[in-house]
Structures are given as C-alpha cells and as structure tokens.
Amino acid sequence: MELHQIQYFQTVARTQHFTQAAELLSISQPALSRSISKLETELGAPLFERRGRNVVLNHYGELFLQRVERAIEELEVGKREIQDLINPDHGTVALAFLHSLGSQFVPELLSSFRMKHANVNFQLYQAATKMILEQLRSGKIDLALTSFQEGLEGICWEPLLTEELFLIVSIHHPLAQRDQVELSAVAEEPFIAFKGGYGMRTITDKLCQLAGFSPRVTFEGEEIATVAGLVAARLGVALVPDVKVLDKTKVKLLRVSDPPCSRTIGAAWEETKYMSPVTKVFLDYVKSSCHTA
C-alpha cells in the first residue's frame with residue numbers, strides 16, 4: 001500500500017465520482033481506477049458501490065476512510081512540525097479571545113507584534129469563554145486569551161493582567177451623581193448581563209453573591225456595546241470593564257468599593273497539544289507585553 005493510493009482513495013470518497021477525482025488529482029481516469037482496484041485487492045474487500053455515474057462508499061469503505069483521514073491528518077501534522085522547526089519566524093497562529101478584548105487589547109497587541117514579526121499570520125476567533133475552551137480541547141485553536149476558569153483539566157492557564165470592573169448606570173440614573181458605590185446598592189435593580197457561558201456572566205454572578213444577592217437579570221447580551229446600550233436606555237445596570245466601546249455620554253462608570261470587582265485575563269493552551277515555535281514566540285511576546293505594561 002502506497003501513500004498515493006491512500007490519497008487517491010480519499011479523493012474518490014469525497015467526490016463520489018471517478019472522473020472528477022481524476023481531474024482533481026491530475027491523472028487519467030483509467031490510472032485512477034487501476035490504483036483503486038489494486039488497493040481493494042490488497043485489502044481483500046471492495047470499498048465502493050456504483051450508483052449510476054457516481055460511486056459511494058460501502059461499509060468497508062466507510063471504515064477504511066476513518067482510518068485514512070486520521071492517518072493523513074497525522075502526516076500533515078508531521079509536515080507542519082518540520083516546517084515550523086525550519087522556519088520558526090513564519091507560520092500561522094490560531095488565536096481565540098473574548099469579545100471584550102476585540103475592540104482595543106487584541107488589535108493593539110497584534111499590531112505591535114507584527115511590527116517585529118511581519119511574516120506571521122493569524123486566524124482569529126471571538127467567542128464566549130465556554131466556546132473558547134471547547135476550541136482549545138478540539139485543537140481548532142493554538143492559544144486563547146480568556147478570563148480565569150476553575151477546574152481546567154488539561155488546560156494550561158497563565159495570568160496576564162487584571163482589569164477593574166465598573167458598575168455602569170444610565171446618566172439619568174439616581175446613582176449617576178456618585179463616583180463610587182457598594183455593589184449591594186443595586187441589589188433590587190434589574191441587571192443587564194452576558195449570556196450563560198460567557199466569563200463575564202460567571203464573574204457577575206459570583207460578585208453579586210459576594211455582595212449578598214442574586215442579580216435579577218432582565219436582558220442578556222453577547223457584546224459590551226449591546227449591554228451598555230441597554231443600560232443607557234434605562235433598562236438596567238451592568239458590570240463591565242472600561243473599554244473604548246462604552247459611550248460615556250450615555251452611561252456613568254461607578255467604581256465598586258465592596259466587594260472589589262475585577263477580572264483576570266490570561267493566556268490558555270491545551271497541555272498535551274503540540275505548540276509550534278511561532279506560537280511560542282507569540283505567547284512569550286504576550287507575556288512580556290502584559291507584564292511590562
């Protein structure tokens with residue numbers, strides 16, 4: 001069994017058509033047919049069934065394709081590992097981050113990094129903390145910038161920075177005349193919160209519990225701008241970091257004196273997954289940038 005036979009089989013399985021597969025592989029259809037026939041003879045079982053002009057995998061073919069896909073994926077990983085070792089300043093970093101980091105922190109970080117590493121590319125994903133952790137575990141991303149989560153089995157997490165969280169109210173709210181409050185002051189207020197699975201929702205719930213109450217959530221959002229817009233419309237209050245998207249002509253930021261309100265942002269990666277040199281370079285840069293800021 002040769003590698004090209006495996007690749008031929010995979011292409012036919014995907015296209016379900018010998019002629020189309022032959023065109024994609026830049027070989028003649030008879031040559032492709034002979035190669036598949038030779039593979040079937042070696043395996044001792046047919047892999048396809050003909051249906052008109054098309055072919056479909058039979059039971060044996062479906063079973064074999066699962067192993068083929070896995071084997072080819074492993075070969076591709078091996079190729080990338082070698083290429084990364086040869087060119088540690090090139091490559092692509094798959095990076096996921098919280099929505100709230102997308103307006104300022106991540107763009108500025110990537111801009112400064114690219115000034116020193118112009119040949120590095122990025123695949124960017126914005127998502128809730130729960131989704132980010134799923135992407136890490138599935139191998140879809142190399143690195144994540146997210147808030148702290150407990151019980152991260154198999155995930156390495158290193159703190160980078162701590163952000164103060166502010167209570168925001170409409171400028172027409174009675175508390176807007178103040179600069180500082182205790183969180184318990186809004187125990188009876190409706191809350192605009194982030195959806196379940198978002199790190200900010202978990203943090204908001206915990207901070208309110210520390211203040212002695214459970215937030216009465218009337219609206220849920222995914223973006224800080226949306227949450228702030230609902231607060232500006234006098235529909236409730238919210239806990240958020242101080243980011244550029246906040247329109248401070250419509251909402252007032254109040255420092256919370258008790259309990260101390262903050263969140264810690266860190267870098268996370270899958271413990272057992274191969275980390276390319278270019279990802280290591282970026283991770284070291286992120287650590288250095290945040291620790292010297």
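The chain has a radius of gyration of 26 Å, but a compact globule of 293 residues would have one near 19 Å. That radius is taken over C-alpha atoms, and the globule rule is 2.2 Å times the number of residues to the power 0.38. Along its principal axes, the C-alpha trace spans about 80 × 45 × 35 Å.

A word on the source. This is a predicted model, where local features need pLDDT of at least 70, side-chain atom pairs count only at pLDDT 80 or more, and totals for chains, interfaces and linings use all residues. Residues are numbered from 1 along each chain as its sequence is written, and side-chain values use heavy atoms, with hydrogens and water left out.

Now the secondary structure. The chain has 9 helices and 12 strands. These are DSSP runs numbered from the N terminus: helices are H or I with at least four residues, strands are E with at least two.

Let's take the helices. Two packed helices are described by the angle between their axes and the distance between the axes. Start with α1, residues 3-15, and α3, residues 29-43. Their axes come within 10 Å and cross at roughly 105°. Axes here are lines fitted to C-alpha atoms, for helices over the stretch in contact, and angles run from 0 to 180 degrees between N-to-C directions. So α1 is roughly perpendicular to α3. The cut-offs: under 35 degrees is roughly parallel, over 145 roughly antiparallel, 65 to 115 roughly perpendicular, and the rest oblique.

Which residues of α1 and α3 make the contact? From α1, they are His 4, Gln 5, Tyr 8, Phe 9 and Val 12. From α3, they are Leu 32, Ser 35, Ile 36, Lys 38, Leu 39 and Glu 42. Contact means heavy atoms within 4.5 Å. By class, that is 6 nonpolar, 3 polar and 2 charged. Ala, Val, Leu, Ile, Met, Phe, Trp, Tyr, Cys and Pro count as nonpolar, Asp, Glu, Lys and Arg as charged, and the others, Gly among them, as polar.

Next, α2 and α3. Their axes come within 9 Å and cross at roughly 105°. That makes α2 roughly perpendicular to α3. α2 brings Phe 18, Thr 19, Ala 21, Ala 22 and Leu 25 to the contact, and α3 brings Gln 29, Leu 32, Ser 33 and Ile 36. This contact has 6 nonpolar, 3 polar and no charged residues.

Two backbone details. Gln 16 lies in the loop between α1 and α2 (18-25). Its phi is near 55°, a positive value in a residue other than glycine. Then there is Pro 259, in the loop between β11 (251-258) and β12 (262-270). The peptide bond from Asp 258 to Pro 259 is cis, with omega near -5°.

Finally, empty space. Rolling a probe the size of a water molecule over the atoms shows where empty space is left. On a 1 Å grid over the protein atoms alone, a cavity is a set of points where a 1.4 Å probe fits but cannot get out; a pocket is an open set with protein on both sides within 12 Å along at least five of seven lines; lining residues have an atom within 4 Å of a point. Points are joined across faces, edges and corners, and a volume is the space filled by probe spheres set on the points.

The largest pocket has a volume of about 600 Å³. Of its 20 lining residues, the closest to the centre are Val 77, Arg 80, Gly 139, Asp 142 and Lys 273. Which element gives the most to this lining? It is α4, with 6 residues. The lining has 6 nonpolar, 7 polar and 7 charged residues.

There are 3 cavities of 30 Å³ or more. The largest cavity has about 90 Å³. Its lining includes Leu 98, Phe 194 and Arg 263. The second largest cavity holds about 50 Å³. Asp 142 and Lys 273 are among the residues that line it.
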